[in-house]
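The following questions concern one protein model.

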Amino acid sequence: MLVLQGAESLTQDETSVVLSRLDAVVRWAQAQQAKVLHRMETLFRDELLEDVGREDPALTFSLAAEEAAAILHLPTNTAKMLMSEAGRLCTTHTATLARLEDGALGYGHVQTVLDQSQNVPDSELAGFEAALLEAAGAGQTSSQFRVKARRLRENRYPDTIPVRHKSAFERRRVCLVPEEDGMSWLSALLPAARAQLVYTQLTTAARGEQGAGDPRGVDQLRADILADLLDGDEDASDAGGLDSGGRDRGDSHSVEAGGRDRRDRDRDSGRDTKDNRARARARARTEILVLITAETLVGADEQPAELHGYGPISPETARRLARQAAHWTPVERHPDTEEILRVGRRRKVPAGLQRWLRARDGTCRFPGCRTNAVIAEIDHTKPWSHGGSTDHDNLEHLCKRHHMFKSRGFWKAHQRSPGIIEWTSPGGRTYRTDPHLTLASAPNAAPSTGPNAGLSAGPREEDTKPAVSRMSGWIPEGEPPEDYGDDPPPF
(Lines give C-alpha, C1' and ligand atoms only; values in the text may rest on other atoms or scores of the structure.)
Protein backbone atom coordinates (compact mmCIF):
# COMPACT_ATOMS: atom_id res chain seq x y z
CA MET A 1 0.00 0.00 0.00
CA LEU A 2 1.26 3.45 -0.90
CA VAL A 3 1.10 6.05 1.85
CA LEU A 4 1.78 9.77 1.48
CA GLN A 5 3.42 10.95 4.66
CA GLY A 6 3.96 14.51 5.82
CA ALA A 7 1.47 16.12 3.45
CA GLU A 8 0.76 18.78 6.06
CA SER A 9 4.39 19.95 5.95
CA LEU A 10 4.73 20.37 2.17
CA THR A 11 5.69 23.78 0.83
CA GLN A 12 3.84 25.39 -2.07
CA ASP A 13 6.46 24.25 -4.59
CA GLU A 14 6.48 20.76 -3.13
CA THR A 15 2.69 20.44 -3.30
CA SER A 16 2.83 21.23 -7.03
CA VAL A 17 5.48 18.58 -7.65
CA VAL A 18 3.72 15.94 -5.54
CA LEU A 19 0.35 16.65 -7.14
CA SER A 20 1.87 16.23 -10.62
CA ARG A 21 3.50 12.96 -9.63
CA LEU A 22 0.31 11.66 -8.07
CA ASP A 23 -1.50 12.41 -11.33
CA ALA A 24 1.10 10.35 -13.17
CA VAL A 25 0.55 7.49 -10.70
CA VAL A 26 -3.22 7.63 -11.27
CA ARG A 27 -2.72 7.47 -15.05
CA TRP A 28 -0.31 4.57 -14.70
CA ALA A 29 -2.83 2.74 -12.51
CA GLN A 30 -5.59 3.33 -15.08
CA ALA A 31 -3.39 1.75 -17.74
CA GLN A 32 -2.79 -1.30 -15.54
CA GLN A 33 -6.52 -1.53 -14.84
CA ALA A 34 -7.17 -1.60 -18.59
CA LYS A 35 -4.72 -4.47 -19.01
CA VAL A 36 -6.32 -6.46 -16.20
CA LEU A 37 -9.85 -5.82 -17.48
CA HIS A 38 -8.86 -7.06 -20.92
CA ARG A 39 -7.30 -10.14 -19.35
CA MET A 40 -10.50 -10.79 -17.39
CA GLU A 41 -12.55 -10.58 -20.58
CA THR A 42 -10.17 -13.04 -22.28
CA LEU A 43 -10.40 -15.51 -19.38
CA PHE A 44 -14.18 -15.41 -19.34
CA ARG A 45 -14.32 -15.90 -23.10
CA ASP A 46 -12.01 -18.91 -22.99
CA GLU A 47 -13.28 -20.57 -19.81
CA LEU A 48 -16.99 -20.16 -20.62
CA LEU A 49 -16.56 -21.15 -24.24
CA GLU A 50 -17.74 -24.68 -23.53
CA ASP A 51 -20.94 -23.39 -21.90
CA VAL A 52 -22.06 -20.65 -24.27
CA GLY A 53 -20.19 -21.41 -27.50
CA ARG A 54 -18.20 -19.25 -29.88
CA GLU A 55 -21.35 -17.96 -31.50
CA ASP A 56 -22.22 -15.81 -28.48
CA PRO A 57 -19.22 -13.60 -27.62
CA ALA A 58 -21.55 -10.84 -26.44
CA LEU A 59 -22.72 -13.04 -23.56
CA THR A 60 -19.20 -13.84 -22.35
CA PHE A 61 -18.33 -10.14 -22.53
CA SER A 62 -21.45 -9.26 -20.54
CA LEU A 63 -20.64 -11.86 -17.87
CA ALA A 64 -17.07 -10.57 -17.57
CA ALA A 65 -18.31 -6.99 -17.28
CA GLU A 66 -20.78 -7.98 -14.54
CA GLU A 67 -17.95 -9.55 -12.56
CA ALA A 68 -15.84 -6.41 -12.99
CA ALA A 69 -18.78 -4.21 -11.97
CA ALA A 70 -19.25 -6.18 -8.76
CA ILE A 71 -15.53 -6.05 -7.90
CA LEU A 72 -15.17 -2.33 -8.64
CA HIS A 73 -18.60 -1.40 -7.16
CA LEU A 74 -19.60 0.21 -10.46
CA PRO A 75 -22.87 0.26 -12.42
CA THR A 76 -22.95 -2.45 -15.05
CA ASN A 77 -22.93 -0.03 -17.99
CA THR A 78 -19.90 1.79 -16.59
CA ALA A 79 -18.03 -1.49 -16.23
CA LYS A 80 -19.01 -2.49 -19.77
CA MET A 81 -17.68 0.81 -21.10
CA LEU A 82 -14.38 0.39 -19.23
CA MET A 83 -13.97 -3.19 -20.41
CA SER A 84 -14.76 -2.27 -24.01
CA GLU A 85 -12.25 0.58 -23.88
CA ALA A 86 -9.69 -1.74 -22.30
CA GLY A 87 -10.12 -4.22 -25.14
CA ARG A 88 -9.43 -1.55 -27.75
CA LEU A 89 -6.47 -0.13 -25.83
CA CYS A 90 -4.86 -3.56 -25.59
CA THR A 91 -5.43 -4.46 -29.24
CA THR A 92 -5.91 -1.66 -31.78
CA HIS A 93 -4.76 1.35 -29.70
CA THR A 94 -1.60 0.18 -27.94
CA ALA A 95 0.13 3.50 -28.68
CA THR A 96 -2.59 5.34 -26.76
CA LEU A 97 -2.27 2.87 -23.89
CA ALA A 98 1.48 3.52 -23.76
CA ARG A 99 0.89 7.28 -23.58
CA LEU A 100 -1.56 6.74 -20.71
CA GLU A 101 0.89 4.46 -18.92
CA ASP A 102 3.77 6.94 -19.06
CA GLY A 103 1.50 9.75 -17.85
CA ALA A 104 1.49 11.79 -21.07
CA LEU A 105 -2.30 11.47 -21.48
CA GLY A 106 -5.19 11.59 -19.07
CA TYR A 107 -8.03 9.09 -19.31
CA GLY A 108 -10.38 11.74 -20.68
CA HIS A 109 -8.00 12.26 -23.60
CA VAL A 110 -7.80 8.49 -24.08
CA GLN A 111 -11.58 8.23 -24.35
CA THR A 112 -11.59 10.97 -26.99
CA VAL A 113 -9.00 9.08 -29.06
CA LEU A 114 -11.09 5.92 -28.88
CA ASP A 115 -14.33 7.73 -29.68
CA GLN A 116 -12.99 9.65 -32.65
CA SER A 117 -11.36 6.52 -34.07
CA GLN A 118 -14.67 4.76 -34.58
CA ASN A 119 -15.58 3.92 -38.19
CA VAL A 120 -12.07 4.80 -39.42
CA PRO A 121 -10.86 2.15 -41.96
CA ASP A 122 -8.65 -0.48 -40.32
CA SER A 123 -5.82 0.18 -42.77
CA GLU A 124 -5.70 3.84 -41.71
CA LEU A 125 -6.40 3.44 -38.01
CA ALA A 126 -2.77 3.46 -36.82
CA GLY A 127 -1.95 6.59 -38.81
CA PHE A 128 -5.04 8.41 -37.56
CA GLU A 129 -4.29 7.40 -33.98
CA ALA A 130 -0.80 8.88 -34.36
CA ALA A 131 -2.28 12.12 -35.71
CA LEU A 132 -4.67 12.34 -32.75
CA LEU A 133 -1.89 11.73 -30.25
CA GLU A 134 0.19 14.41 -31.90
CA ALA A 135 -2.74 16.83 -31.64
CA ALA A 136 -3.04 16.14 -27.91
CA GLY A 137 -0.68 18.93 -26.94
CA ALA A 138 0.50 19.56 -23.41
CA GLY A 139 -1.78 21.65 -21.25
CA GLN A 140 -4.99 20.88 -23.14
CA THR A 141 -8.02 19.93 -21.10
CA SER A 142 -9.99 16.91 -22.21
CA SER A 143 -12.78 19.21 -23.45
CA GLN A 144 -10.37 21.27 -25.55
CA PHE A 145 -8.82 18.14 -27.02
CA ARG A 146 -12.26 16.70 -27.79
CA VAL A 147 -13.13 19.70 -29.98
CA LYS A 148 -9.77 19.55 -31.76
CA ALA A 149 -9.96 15.78 -32.31
CA ARG A 150 -13.51 15.94 -33.67
CA ARG A 151 -12.55 18.55 -36.24
CA LEU A 152 -9.53 16.47 -37.25
CA ARG A 153 -11.70 13.42 -37.84
CA GLU A 154 -14.41 15.30 -39.72
CA ASN A 155 -11.81 16.92 -42.01
CA ARG A 156 -10.11 13.59 -42.76
CA TYR A 157 -13.16 11.34 -42.85
CA PRO A 158 -16.31 13.37 -43.62
CA ASP A 159 -17.97 10.19 -44.88
CA THR A 160 -18.04 8.80 -41.32
CA ILE A 161 -20.35 11.55 -40.06
CA PRO A 162 -23.64 9.96 -41.29
CA VAL A 163 -22.57 6.59 -39.92
CA ARG A 164 -21.77 8.06 -36.52
CA HIS A 165 -25.02 10.03 -36.46
CA LYS A 166 -27.00 6.88 -37.19
CA SER A 167 -25.17 4.99 -34.46
CA ALA A 168 -25.78 7.84 -31.99
CA PHE A 169 -29.46 8.00 -32.98
CA GLU A 170 -29.86 4.37 -31.93
CA ARG A 171 -28.77 5.38 -28.42
CA ARG A 172 -31.60 7.87 -27.87
CA ARG A 173 -33.22 7.41 -24.48
CA VAL A 174 -34.88 9.06 -21.48
CA CYS A 175 -33.17 8.92 -18.07
CA LEU A 176 -34.47 9.49 -14.54
CA VAL A 177 -31.92 10.37 -11.85
CA PRO A 178 -33.11 11.00 -8.26
CA GLU A 179 -31.98 14.31 -6.78
CA GLU A 180 -32.08 15.65 -3.24
CA ASP A 181 -35.05 17.25 -1.43
CA GLY A 182 -37.91 15.60 -3.30
CA MET A 183 -36.64 16.33 -6.82
CA SER A 184 -35.40 14.22 -9.75
CA TRP A 185 -33.69 14.90 -13.06
CA LEU A 186 -35.64 13.79 -16.15
CA SER A 187 -33.41 14.02 -19.21
CA ALA A 188 -33.60 12.82 -22.80
CA LEU A 189 -30.92 12.08 -25.37
CA LEU A 190 -32.44 13.24 -28.68
CA PRO A 191 -31.21 14.26 -32.13
CA ALA A 192 -29.65 17.71 -31.76
CA ALA A 193 -32.10 19.51 -34.05
CA ARG A 194 -35.13 18.00 -32.36
CA ALA A 195 -33.80 18.71 -28.87
CA GLN A 196 -33.10 22.30 -29.83
CA LEU A 197 -36.61 22.66 -31.22
CA VAL A 198 -38.19 21.29 -28.03
CA TYR A 199 -36.09 23.58 -25.87
CA THR A 200 -36.90 26.61 -28.03
CA GLN A 201 -40.62 25.87 -27.87
CA LEU A 202 -40.47 25.53 -24.08
CA THR A 203 -38.57 28.81 -23.86
CA THR A 204 -41.05 30.60 -26.13
CA ALA A 205 -43.97 29.32 -24.06
CA ALA A 206 -42.19 30.35 -20.85
CA ARG A 207 -41.58 33.88 -22.17
CA GLY A 208 -45.27 34.06 -23.08
CA GLU A 209 -46.24 33.16 -19.53
CA GLN A 210 -43.94 35.83 -18.16
CA GLY A 211 -45.40 38.37 -20.58
CA ALA A 212 -48.84 37.51 -19.22
CA GLY A 213 -47.65 38.32 -15.70
CA ASP A 214 -46.54 34.92 -14.39
CA PRO A 215 -43.98 35.55 -11.60
CA ARG A 216 -42.05 32.31 -12.14
CA GLY A 217 -38.56 32.35 -13.65
CA VAL A 218 -37.88 31.03 -17.15
CA ASP A 219 -36.21 27.86 -15.84
CA GLN A 220 -39.14 27.16 -13.53
CA LEU A 221 -41.64 27.76 -16.30
CA ARG A 222 -39.83 25.53 -18.77
CA ALA A 223 -39.89 22.73 -16.21
CA ASP A 224 -43.54 23.27 -15.26
CA ILE A 225 -44.73 23.50 -18.87
CA LEU A 226 -42.91 20.29 -19.76
CA ALA A 227 -44.41 18.51 -16.75
CA ASP A 228 -47.90 19.81 -17.59
CA LEU A 229 -47.64 18.55 -21.17
CA LEU A 230 -46.54 15.05 -20.14
CA ASP A 231 -48.32 14.65 -16.81
CA GLY A 232 -51.60 16.50 -17.15
CA ASP A 233 -51.90 16.64 -13.35
CA GLU A 234 -52.69 20.18 -12.29
CA ASP A 235 -51.82 19.39 -8.66
CA ALA A 236 -48.53 17.62 -9.39
CA SER A 237 -46.27 20.09 -7.60
CA ASP A 238 -44.42 18.92 -4.51
CA ALA A 239 -43.99 22.42 -3.07
CA GLY A 240 -45.91 21.88 0.15
CA GLY A 241 -49.41 23.37 -0.15
CA LEU A 242 -48.62 25.46 -3.22
CA ASP A 243 -48.91 24.74 -6.91
CA SER A 244 -46.08 25.31 -9.39
CA GLY A 245 -46.84 29.00 -9.60
CA GLY A 246 -46.71 29.59 -5.85
CA ARG A 247 -50.51 29.79 -5.48
CA ASP A 248 -52.51 27.98 -2.84
CA ARG A 249 -53.43 24.58 -4.25
CA GLY A 250 -57.10 25.19 -3.67
CA ASP A 251 -56.94 27.82 -6.41
CA SER A 252 -54.51 25.99 -8.67
CA HIS A 253 -54.86 25.93 -12.42
CA SER A 254 -52.66 25.42 -15.46
CA VAL A 255 -51.88 28.15 -17.93
CA GLU A 256 -51.05 27.87 -21.60
CA ALA A 257 -48.49 29.99 -23.44
CA GLY A 258 -49.96 33.46 -23.75
CA GLY A 259 -51.49 33.40 -20.29
CA ARG A 260 -54.91 31.82 -20.93
CA ASP A 261 -56.29 29.53 -18.27
CA ARG A 262 -56.60 26.05 -19.79
CA ARG A 263 -59.64 25.24 -17.66
CA ASP A 264 -61.39 28.33 -18.99
CA ARG A 265 -60.65 27.27 -22.53
CA ASP A 266 -61.94 23.75 -21.94
CA ARG A 267 -65.04 25.07 -20.21
CA ASP A 268 -65.72 27.48 -23.08
CA SER A 269 -65.44 24.69 -25.62
CA GLY A 270 -68.05 22.67 -23.74
CA ARG A 271 -66.17 19.39 -24.18
CA ASP A 272 -63.06 17.60 -23.03
CA THR A 273 -60.22 18.01 -25.51
CA LYS A 274 -58.44 15.16 -27.25
CA ASP A 275 -55.22 16.01 -25.40
CA ASN A 276 -56.96 15.93 -22.04
CA ARG A 277 -58.53 12.56 -22.79
CA ALA A 278 -55.13 11.22 -23.84
CA ARG A 279 -53.60 12.49 -20.61
CA ALA A 280 -56.40 10.90 -18.61
CA ARG A 281 -55.79 7.55 -20.32
CA ALA A 282 -52.06 7.86 -19.68
CA ARG A 283 -52.65 8.51 -15.99
CA ALA A 284 -55.08 5.60 -15.77
CA ARG A 285 -52.32 3.26 -16.96
CA THR A 286 -49.83 4.61 -14.44
CA GLU A 287 -49.05 3.07 -11.08
CA ILE A 288 -46.90 4.55 -8.33
CA LEU A 289 -46.31 3.17 -4.87
CA VAL A 290 -46.22 5.31 -1.74
CA LEU A 291 -45.57 3.99 1.78
CA ILE A 292 -47.31 6.21 4.33
CA THR A 293 -48.30 5.62 7.96
CA ALA A 294 -51.92 5.89 8.99
CA GLU A 295 -51.01 8.71 11.36
CA THR A 296 -49.39 10.75 8.61
CA LEU A 297 -52.27 9.97 6.26
CA VAL A 298 -54.84 11.54 8.59
CA GLY A 299 -52.55 14.41 9.55
CA ALA A 300 -51.85 13.24 13.11
CA ASP A 301 -48.09 13.55 12.49
CA GLU A 302 -45.75 14.84 9.81
CA GLN A 303 -43.42 11.90 9.29
CA PRO A 304 -41.94 11.62 5.75
CA ALA A 305 -43.47 9.04 3.42
CA GLU A 306 -41.62 6.79 0.99
CA LEU A 307 -42.01 7.07 -2.79
CA HIS A 308 -41.08 3.82 -4.50
CA GLY A 309 -38.07 4.24 -6.74
CA TYR A 310 -37.07 7.53 -5.13
CA GLY A 311 -37.05 7.69 -1.32
CA PRO A 312 -38.51 10.03 1.33
CA ILE A 313 -41.08 12.61 0.21
CA SER A 314 -42.96 15.27 2.14
CA PRO A 315 -46.15 14.27 4.01
CA GLU A 316 -48.12 16.86 2.00
CA THR A 317 -47.11 15.22 -1.26
CA ALA A 318 -47.88 11.74 0.09
CA ARG A 319 -51.36 12.80 1.22
CA ARG A 320 -52.09 14.31 -2.19
CA LEU A 321 -51.05 11.08 -3.90
CA ALA A 322 -53.16 9.12 -1.41
CA ARG A 323 -56.23 11.18 -2.30
CA GLN A 324 -55.71 10.27 -5.95
CA ALA A 325 -55.10 6.57 -5.32
CA ALA A 326 -57.46 4.07 -6.93
CA HIS A 327 -56.24 1.13 -4.83
CA TRP A 328 -54.83 0.48 -1.37
CA THR A 329 -52.65 -2.35 -0.07
CA PRO A 330 -52.44 -2.63 3.75
CA VAL A 331 -49.06 -3.41 5.33
CA GLU A 332 -48.18 -4.01 8.99
CA ARG A 333 -44.91 -2.73 10.44
CA HIS A 334 -43.34 -3.30 13.83
CA PRO A 335 -43.77 -0.13 15.92
CA ASP A 336 -40.23 -0.23 17.34
CA THR A 337 -38.08 -1.54 14.48
CA GLU A 338 -40.33 -0.31 11.63
CA GLU A 339 -39.68 -3.65 9.95
CA ILE A 340 -42.37 -5.06 7.68
CA LEU A 341 -43.87 -8.30 8.94
CA ARG A 342 -44.00 -11.64 7.15
CA VAL A 343 -46.81 -12.35 4.68
CA GLY A 344 -48.73 -15.52 3.96
CA ARG A 345 -48.11 -18.21 1.36
CA ARG A 346 -49.84 -18.76 -1.97
CA ARG A 347 -48.81 -20.62 -5.10
CA LYS A 348 -49.40 -17.58 -7.29
CA VAL A 349 -47.97 -14.27 -6.20
CA PRO A 350 -51.01 -12.21 -5.14
CA ALA A 351 -51.37 -8.67 -6.40
CA GLY A 352 -50.75 -7.16 -2.99
CA LEU A 353 -47.55 -9.15 -2.54
CA GLN A 354 -46.38 -8.10 -6.01
CA ARG A 355 -46.77 -4.45 -5.08
CA TRP A 356 -45.12 -5.01 -1.71
CA LEU A 357 -42.16 -6.81 -3.28
CA ARG A 358 -41.65 -3.87 -5.63
CA ALA A 359 -41.52 -1.57 -2.62
CA ARG A 360 -39.17 -3.89 -0.73
CA ASP A 361 -36.72 -4.44 -3.59
CA GLY A 362 -36.89 -1.08 -5.33
CA THR A 363 -34.62 -2.31 -8.12
CA CYS A 364 -33.31 -5.50 -9.68
CA ARG A 365 -31.58 -7.40 -6.87
CA PHE A 366 -28.48 -8.31 -8.89
CA PRO A 367 -25.28 -6.68 -7.54
CA GLY A 368 -25.01 -3.12 -8.80
CA CYS A 369 -28.09 -3.19 -11.05
CA ARG A 370 -30.40 -0.17 -10.79
CA THR A 371 -33.20 -1.33 -13.11
CA ASN A 372 -36.47 -0.26 -11.49
CA ALA A 373 -38.47 -3.13 -10.01
CA VAL A 374 -41.55 -1.89 -11.87
CA ILE A 375 -40.05 -3.12 -15.16
CA ALA A 376 -38.27 -6.15 -13.68
CA GLU A 377 -39.55 -9.72 -13.23
CA ILE A 378 -40.40 -11.56 -10.00
CA ASP A 379 -38.21 -14.67 -9.69
CA HIS A 380 -38.17 -17.59 -7.27
CA THR A 381 -34.75 -17.61 -5.60
CA LYS A 382 -35.10 -21.36 -5.18
CA PRO A 383 -37.04 -22.52 -8.26
CA TRP A 384 -40.63 -23.59 -7.73
CA SER A 385 -39.86 -26.85 -9.54
CA HIS A 386 -37.17 -27.57 -6.91
CA GLY A 387 -39.50 -27.01 -3.97
CA GLY A 388 -39.16 -23.25 -3.65
CA SER A 389 -42.15 -21.50 -2.09
CA THR A 390 -44.02 -18.49 -3.42
CA ASP A 391 -43.28 -16.35 -0.41
CA HIS A 392 -41.51 -13.08 0.18
CA ASP A 393 -38.42 -14.89 1.55
CA ASN A 394 -38.03 -16.84 -1.71
CA LEU A 395 -38.88 -14.10 -4.21
CA GLU A 396 -36.90 -11.22 -5.67
CA HIS A 397 -36.99 -8.87 -8.65
CA LEU A 398 -34.54 -9.39 -11.51
CA CYS A 399 -34.25 -7.56 -14.80
CA LYS A 400 -34.44 -9.71 -17.92
CA ARG A 401 -30.66 -9.95 -18.42
CA HIS A 402 -29.85 -10.88 -14.84
CA HIS A 403 -32.84 -13.23 -14.69
CA MET A 404 -31.29 -15.03 -17.66
CA PHE A 405 -27.86 -15.13 -15.97
CA LYS A 406 -29.43 -16.83 -12.94
CA SER A 407 -31.67 -19.18 -14.93
CA ARG A 408 -28.74 -20.43 -17.02
CA GLY A 409 -26.65 -20.98 -13.93
CA PHE A 410 -23.90 -18.45 -14.60
CA TRP A 411 -24.73 -16.58 -11.37
CA LYS A 412 -26.25 -18.40 -8.39
CA ALA A 413 -28.50 -16.78 -5.78
CA HIS A 414 -29.35 -17.83 -2.24
CA GLN A 415 -31.73 -15.93 0.07
CA ARG A 416 -30.15 -16.78 3.42
CA SER A 417 -32.56 -14.52 5.32
CA PRO A 418 -35.68 -12.73 4.06
CA GLY A 419 -34.78 -10.13 1.47
CA ILE A 420 -30.98 -10.56 1.83
CA ILE A 421 -29.57 -12.30 -1.23
CA GLU A 422 -26.11 -13.81 -1.55
CA TRP A 423 -24.80 -14.11 -5.10
CA THR A 424 -22.02 -16.35 -6.37
CA SER A 425 -20.37 -15.21 -9.59
CA PRO A 426 -18.97 -17.43 -12.38
CA GLY A 427 -15.53 -16.64 -10.93
CA GLY A 428 -16.55 -18.05 -7.53
CA ARG A 429 -16.75 -14.72 -5.69
CA THR A 430 -19.68 -13.94 -3.43
CA TYR A 431 -21.61 -10.68 -3.17
CA ARG A 432 -24.52 -9.63 -1.00
CA THR A 433 -27.43 -7.38 -1.89
CA ASP A 434 -29.80 -5.88 0.68
CA PRO A 435 -33.42 -4.89 0.08
CA HIS A 436 -34.59 -1.31 -0.14
CA LEU A 437 -36.87 -2.00 2.86
CA THR A 438 -35.91 -4.26 5.78
CA LEU A 439 -37.91 -7.37 6.69
CA ALA A 440 -38.68 -9.04 10.00
CA SER A 441 -39.47 -12.75 10.09
CA ALA A 442 -42.72 -13.98 11.64
CA PRO A 443 -42.82 -17.78 11.23
CA ASN A 444 -46.32 -18.12 12.68
CA ALA A 445 -47.92 -15.70 10.26
CA ALA A 446 -51.34 -16.71 9.02
CA PRO A 447 -52.01 -16.90 5.28
CA SER A 448 -53.61 -13.93 3.60
CA THR A 449 -57.16 -14.35 2.38
CA GLY A 450 -59.24 -12.55 -0.17
CA PRO A 451 -58.19 -10.91 -3.40
CA ASN A 452 -56.95 -7.73 -1.71
CA ALA A 453 -55.75 -9.16 1.60
CA GLY A 454 -52.35 -7.79 0.74
CA LEU A 455 -49.83 -7.93 3.56
CA SER A 456 -51.88 -7.71 6.71
CA ALA A 457 -50.81 -11.14 8.07
CA GLY A 458 -48.50 -11.24 11.11
CA PRO A 459 -48.24 -12.08 14.81
CA ARG A 460 -51.13 -11.28 17.08
CA GLU A 461 -51.66 -7.58 17.68
CA GLU A 462 -51.38 -8.01 21.44
CA ASP A 463 -47.88 -9.48 20.95
CA THR A 464 -46.36 -6.92 18.61
CA LYS A 465 -48.90 -4.08 18.32
CA PRO A 466 -47.81 -3.36 14.76
CA ALA A 467 -48.39 0.04 13.29
CA VAL A 468 -50.44 -0.12 10.12
CA SER A 469 -48.93 1.54 7.06
CA ARG A 470 -50.30 1.68 3.56
CA MET A 471 -48.99 1.67 0.05
CA SER A 472 -51.15 3.59 -2.38
CA GLY A 473 -50.96 3.20 -6.11
CA TRP A 474 -52.74 4.16 -9.30
CA ILE A 475 -54.09 1.23 -11.30
CA PRO A 476 -56.37 1.20 -14.34
CA GLU A 477 -59.94 1.81 -13.30
CA GLY A 478 -62.14 -1.22 -13.74
CA GLU A 479 -59.20 -3.58 -14.24
CA PRO A 480 -58.42 -6.43 -11.80
CA PRO A 481 -55.21 -6.36 -9.75
CA GLU A 482 -52.08 -7.70 -11.42
CA ASP A 483 -51.74 -11.47 -11.55
CA TYR A 484 -49.83 -14.04 -13.56
CA GLY A 485 -52.99 -15.41 -15.20
CA ASP A 486 -52.17 -18.41 -17.37
CA ASP A 487 -48.42 -18.13 -16.65
CA PRO A 488 -47.96 -19.18 -13.00
CA PRO A 489 -44.56 -19.86 -11.39
CA PRO A 490 -41.99 -21.06 -12.18
CA PHE A 491 -40.85 -18.42 -14.67
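Q: Among contacts in the protein chain between residues at least 6 apart in sequence, what percentage joins residues at least 24 apart?
A: The model is predicted, and contact here means heavy atoms within 4.5 Å. Taking the contacts between residues at least 6 apart in sequence, the share that joins residues at least 24 apart is 59%.

Q: How many helices and strands does the protein chain have, and what percentage of its residues count as buried?
A: The chain has 18 helices and 12 strands. A residue is buried when its relative accessible area is under 20%. Of the 491 residues, the part that counts as buried is 38%.

Q: What part of the accessible surface of the protein chain belongs to carbon and sulfur atoms?
A: The accessible surface of the chain is about 27600 Å². The part of this surface that belongs to carbon and sulfur atoms is 52%.

Q: Are α3 and α4 roughly parallel or roughly perpendicular to each other?
A: Helix α3 covers residues 57–72 and helix α4 residues 76–89, and their axes come within 8 Å. The axes cross at roughly 115°. Angles of 65 to 115 degrees count as roughly perpendicular. Therefore α3, relative to α4, is roughly perpendicular.

Q: How do the residues of the contact of α3 with α4 divide into nonpolar, polar and charged?
A: On the α3 side the contact involves F61, S62, A64, A65, E66, A68 and A69, while α4 brings T76, A79, K80, M83 and S84. These residues divide into seven nonpolar, three polar and two charged.

Q: Are α6 and α8 roughly parallel or roughly antiparallel to each other?
A: The axes of α6 (residues 107–116) and α8 (residues 142–156) come within 9 Å. They cross at roughly 15°, and angles under 35 degrees count as roughly parallel. The relation of α6 to α8 is therefore roughly parallel.

Q: Is the crossing of α6 and α8 left-handed or right-handed, and how do the residues of their contact divide?
A: α6 passes α8 in a right-handed crossing. In the contact, G108, H109, T112, V113 and Q116 of α6 meet S142, F145, R146, A149, R150 and R153 of α8. By class, the residues of this contact are three nonpolar, five polar and three charged.

Q: Is N119 buried, partly exposed or exposed?
A: N119 is placed in the loop between α6 and α7, and its phi is positive, near 70°. Its relative accessible area is 42%. Values between 20% and 50% fall in the middle class, so N119 is partly exposed.

Q: What separates the C-alpha atoms of H38 and G87?
A: H38 lies in helix α1 (residues 12–47). Apart from neighbours within four places in sequence, H38 is in contact with A86, G87, C90 and T91. H38 and G87 are 49 residues apart along the chain, and their C-alpha atoms are separated by 5.2 Å.

Conventions: Residues numbered from 1 in each chain as written. Predicted model: local features only at pLDDT ≥ 70, side-chain atom pairs only at ≥ 80, totals over all residues. Heavy atoms only, no water. Axes fitted to C-alpha atoms, helices over the stretch in contact; angles between N-to-C directions. Helix = DSSP H or I, 4+ residues; strand = E, 2+ residues; numbered from the N terminus. Parallel < 35°, antiparallel > 145°, perpendicular 65-115°, else oblique. Left-handed = near helix turned anticlockwise from the far one by under 90°. Nonpolar A, V, L, I, M, F, W, Y, C, P; charged D, E, K, R; others polar. Buried < 20%, exposed > 50% of the residue type's maximum accessible area, 1.4 Å probe, protein only. Areas by Shrake-Rupley, 256 points an atom, 1.4 Å probe, with all protein chains shown as cover.
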